[in-house]
Amino acid sequence: MGLFDSLPRERIGRRRFLKGSICGAAALALYSGEIERHWIEVTRCEIALRGLPGAFDGFRIAQLSDIHMDEYTEPFFLRHIVEETNRLGPMRCS
């Protein structure tokens, strides 16, 4: 006897399936179009390089990745990314 054997089985009709599919597709479009593309993730990592001159000790580097410059990238968002990056203080020794 399985875990779900005691539950009544309800058939999903065509209309219910279509409604669910349309709602799922709309939610996915909203998430990818408005939420995920404005997501900023900061990852900090310390890297040790053998033979690196002492002048570079504590040097910070900022890398911006995965910025899709097309008609959907708003100028305000690009300004925001640059401001956030500058706030992190790249090239400033810690």
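Predicted model: local features only at pLDDT ≥ 70, side-chain atom pairs only at ≥ 80, totals over all residues.

Mentor: Residues are numbered from 1 along each chain as its sequence is written, and side-chain values use heavy atoms, with hydrogens and water left out.

Trainee: How many helices and strands does the protein chain have?
Mentor: The protein chain has two helices and zero strands. Helices (H or I, at least four residues) and strands (E, at least two) are DSSP runs, numbered from the N terminus. The helices α1 and α2 cover 14–35 and 75–87, and Glu-41 is in the loop between them.

Trainee: Why is the protein chain called more spread out than a compact globule?
Mentor: The radius of gyration is taken over C-alpha atoms, and the globule rule is 2.2 Å times the number of residues to the power 0.38. For 94 residues the rule gives 12 Å, whereas the protein chain has 24 Å, well over that value, so the chain is more spread out than a compact globule. Its C-alpha atoms fill a box of roughly 70 × 45 × 20 Å along the principal axes.

Trainee: What makes Ile-61 count as exposed?
Mentor: Buried means under 20% relative accessible area, exposed over 50%, and partly exposed in between (1.4 Å probe, protein chains only). Ile-61 has 76% relative accessibility, so it counts as exposed. Ile-61 is in the loop between α1 and α2, and its C-alpha atom is 5.2 Å from that of Pro-90, 29 residues apart along the chain.

Trainee: Why does Ile-67 count as partly exposed?
Mentor: The relative accessibility of Ile-67 is 32%, and therefore Ile-67 counts as partly exposed. Ile-67 also lies in the loop between α1 and α2.

Trainee: Which residues are in contact with Ile-67, leaving aside its neighbours within four places in sequence?
Mentor: They are Leu-78 and Ile-81; contact means heavy atoms within 4.5 Å.

Trainee: Is Ile-22 buried or exposed?
Mentor: Ile-22 has 59% relative accessibility, so it counts as exposed. Ile-22 is in helix α1. Of the 94 residues of the protein chain, 5% count as buried.

Trainee: What is the volume of the largest pocket, and what makes an open set a pocket?
Mentor: The volume is about 1700 Å³. Among the 42 residues that line this pocket, the closest to its centre are Val-42, Thr-43, Ile-61, Ala-62 and Gln-63. On a 1 Å grid over the protein atoms alone, a pocket is an open set of points where a 1.4 Å probe fits, with protein on both sides within 12 Å along at least five of seven lines; lining residues have an atom within 4 Å of a point. Grid points are joined across faces, edges and corners, and a volume is the space filled by probe spheres set on the points.
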